[in-house]
Amino acid sequence: MMTNSARDDRRILDSSSASGSSGASGSSGAAELELVSQDFEERNLHELRQTVTAHAATVLTDDRVDDMALIAIELASNAIRHGGGGGRLRLWTTPDAIFCQVTDDGPGFPDSKYPAVQRPEPSASGGRGLWLVLHFSDALTVDNDADGGATVTAMIATGDRTSPPKP
C-alpha cells in the first residue's frame, strides 16, 4: 500500500506483491458501491471526465475530486494510446476510499516498464501520465492480465489523506 505521507518512496504494487492484502484493489471485504462502469474510447474522454468528476464529488473534497478526475483521464488516455484504443473504467467506493480502475486489451506492461517512482526527465518522450497517477493517488496497483491487457487501479482515501483505508 502506498500512502501520501510517503510520496517519495512509493511502490507500485503488482498482483504478486498485493496478494493477501487489500492493496488498491478494494477487495478487503468492505461494502462496495459501484459508481461507474463504462467502456470508453478517445472520442468520449470529455464525457468520461465529467462522469468521474460528478461521482467523485459525492465522496471527496473539491481538491481530491480534481485529483480523481486527473487520475481517471490519465489512465484512460494510456489505455487508448498503449492498450488497443479504448478500455473500461470502473469507479467505486468503500467506507474508506474511492477506487478508479481502467482495464484494456493491449499487450500489458513489460516488467521493466512499470511506472517510474521518479519524475521523468523533461526530455523524456513519455512516462508522465502514470507518474502523475502515482503522485496523486494514495495507492496504485498494476496488474497484467494472463490473456493480455492490463488493469490499473488507483485509490484515494476518503478520510485523512495520511492514513490508508482500513483493511
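Which residues point one way from strand β6, and which point the other way? A150, V152, A154 and I156 point one way from β6, whereas T151, T153, M155 and A157 point the other way, and all are buried. Here buried means under 20% relative accessible area, exposed means over 50%, and partly exposed lies in between, with a 1.4 Å probe and protein chains only. In a regular strand the side chains alternate between the two faces of the sheet.

**Basis of the report**

This is a predicted model, in which local features need pLDDT of at least 70, side-chain atom pairs count only at pLDDT 80 or more, and totals for chains, interfaces and linings use all residues. Residues are numbered from 1 along each chain as its sequence is written, and side-chain values use heavy atoms, with hydrogens and water left out.

**Overall architecture**

The protein has 4 helices and 6 strands, arranged along the sequence in the pattern β-α-β-α-α-β-β-α-β-β. Helices (H or I, at least four residues) and strands (E, at least two) are DSSP runs, numbered from the N terminus. Of the 167 residues, 47% are buried. The protein exposes about 8600 Å², and carbon and sulfur atoms supply 48% of this area; accessible areas come from the Shrake-Rupley method with a 1.4 Å probe, and for residues only the protein chains shown count as cover. Among contacts (heavy atoms within 4.5 Å) between residues at least 6 apart in sequence, 66% join residues at least 24 apart.

Two strands pair if DSSP finds at least two bridges between them.

| Strand pair | Sense | Bridges |
|---|---|---|
| β5 and β6 | antiparallel | 6 bridges |
| β4 (residues 97-103) and β6 | antiparallel | 7 bridges |

β5 and β6 form a hairpin with 5 residues between them, and G148 in the turn has a positive phi of about 105°. Strand β5 (residues 139-144) is largely enclosed by the rest of the structure, because 5 of its 6 residues are buried.

I71 belongs to helix α3 (residues 62-82). With a relative accessible area of 0%, I71 is buried. Leaving out residues up to four places away in sequence, I71 touches C100, V133, F136, S137, A154 and I156. The C-alpha atoms of I71 and G129 are separated by 8.5 Å, although these residues stand 58 residues apart along the chain.

T93 is found in strand β3 (residues 86-93) and counts as buried at 9% relative accessibility. Apart from neighbours within four places in sequence, T93 is in contact with A31, E32, L33, L35, V59 and I98.

**Nonpolar cores**

In soluble globular proteins, nonpolar side chains tend to be buried together. A nonpolar core is a set of buried Ala, Val, Leu, Ile, Met, Phe, Trp, Tyr and Cys residues joined through side-chain atoms within 4.5 Å. The largest nonpolar core has 32 residues, of which F40, M68, L75, L89 and L91 touch the most other members. At least two residues of this core come from each of β2 (33-41), α2 (45-56), α3, β3, β4, α4 (128-136), β5 and β6. Helix α3 gives the most, with 9 residues. A second, separate core of 6 residues includes A97, F99, A139 and M155.
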